[in-house]
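Please open the structure in your viewer and keep the sequence alongside, so that each selection below can be followed from one stop to the next.

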Amino acid sequence: MGSVFEAATTVDGVAPINESGNLVMQGLRPGHVITNDVVEAVVDLRDGTIMLAVHPEHRRRGHGRALLQRLLEEHPNLDVWAFGTLPGAEALARTVGLTPHRTLLRMTRPLSNVTPDDAPVEISPFQPDDADAIVAINEQAFAHHPEQGKLTRTEFDDLRSQPWFSPDGLLVARDGGAPVGFHWTKRHGDGLGEVYVIAVAPGHEGKGIGRALLAAGLQHLADVGDHTAELYVEAAEERVVRMYEAAGFSIAARDTCFGRTA
């Protein structure tokens with residue numbers, strides 16, 4: 001994360017860039033970065049989005065609007081993320097003619113009262129031989145999703161190279177030894193863990209595998225010392241939101257993706 005992004009995170013309490021944007025900055029995903037002492041932006045060509053921040057000491061002087069207008073002229077089909085849907089970011093998006101297209105919910109729950117769930121299949125940590133199966137399950141389960149369904153084997157390996165990755169935190173459901181689902185957890189530090197990705201292979205839904213994977217992942221995060229779990233889910237996925245609410249999660253924040261009207 002660059003210095004302007006870091007300053008904005010400190011002042012706003014929410015990062016103006018997501019994981020995919022950070023991977024663009026690392027050169028692991030296609031896109032480019034604009035950075036100076038006043039503004040910073042990432043053009044994420046993999047996900048088709050723009051992320052932008054103005055240094056808190058230079059706001060309300062037109063810097064963000066000028067850069068965003070230029071980027072939208074260069075990339076008219078890209079959307080713009082407003083993480084936390086902060087008033088200033090929301091106003092900037094509307095000023096340049098963008099309207100909300102998607103809402104992503106951040107949901108949290110405490111890990112002090114995690115309860116186990118009987119698993120209908122074996123659940124065990126990730127092994128290197130599981131990689132191709134996990135990528136295939138992810139592709140099938142998230143075929144409808146604009147970002148998650150794009151995960152390739154190369155991207156999976158790139159994520160495994162990140163400092164936060166732990167094979168013990170990637171729990172795999174196995175039926176007869178073959179992977180049929182997984183719960184990938186992520187630790188952020190300071191007691192915060194994440195339900196990073198959870199997926200069940202088509203044909204294995206409705207058997208309680210997803211519920212068991214969720215419980216196993218939350219138990220893992222609690223066992224390694226985290227006290228809060230978070231996850232991100234599309235607001236439009238009402239059934240999934242209700243499922244997580246039933247599992248003890250509640251809405252903590254909203255991210256908005258803005259784009260041009262049709």
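Predicted model: local features only at pLDDT ≥ 70, side-chain atom pairs only at ≥ 80, totals over all residues.

Strand β1, residues 31–35, runs antiparallel to β2 and pairs with it over five bridges, and the two are joined by a hairpin through three residues. To see one of the pairings, select Ile34, whose bridge partner in β2 is Ala41. With β3, β2 again pairs in the antiparallel sense, here over six bridges, and Asp44 stands opposite Thr49 in β3. Four residues lie between β2 and β3 in their hairpin, and in that turn Gly48 has a positive phi of about 70 degrees.

Two or more residues of the lining come from each of α1 (3–12), β3 (49–54), α3 (63–74), β4 (79–82) and α4 (87–95). Of these, α4 gives the most, with six residues. The space in this pocket is about 680 Å³, and colouring the lining by residue class will show 18 nonpolar, five polar and five charged residues.

Now turn to the largest nonpolar core, a set of 22 residues in which Met107, Leu218, Val233, Tyr244 and Phe249 touch the most other members. The elements that each give two or more residues to this core are β5 (99–110), β9 (192–200), α7 (209–223), β10 (228–234) and α8 (238–246), with the largest share, five residues, coming from α7. In soluble globular proteins, nonpolar side chains tend to be buried together.

Which residues does Val233 touch, leaving aside those up to four places away in sequence? Select Val233 and display its contacts, which are Thr103, Leu104, Leu105 and Met107, together with Val240, Val241 and Tyr244. As a last stop, select Leu159, Leu170, Val172 and Ala199, which are included in a second, separate core of 20 residues.

Notes
Residues numbered from 1 in each chain as written. Heavy atoms only, no water. 1 Å grid on protein atoms, 1.4 Å probe; cavity = no way out; pocket = protein on both sides within 12 Å on 5 of 7 lines; lining within 4 Å. Points joined across faces, edges and corners; volume = space filled by probe spheres on them. Nonpolar A, V, L, I, M, F, W, Y, C, P; charged D, E, K, R; others polar. Pairing = 2+ DSSP bridges. Core = buried A, V, L, I, M, F, W, Y, C linked by side-chain atoms within 4.5 Å. Buried < 20%, exposed > 50% of the residue type's maximum accessible area, 1.4 Å probe, protein only. Contact = heavy atoms within 4.5 Å.
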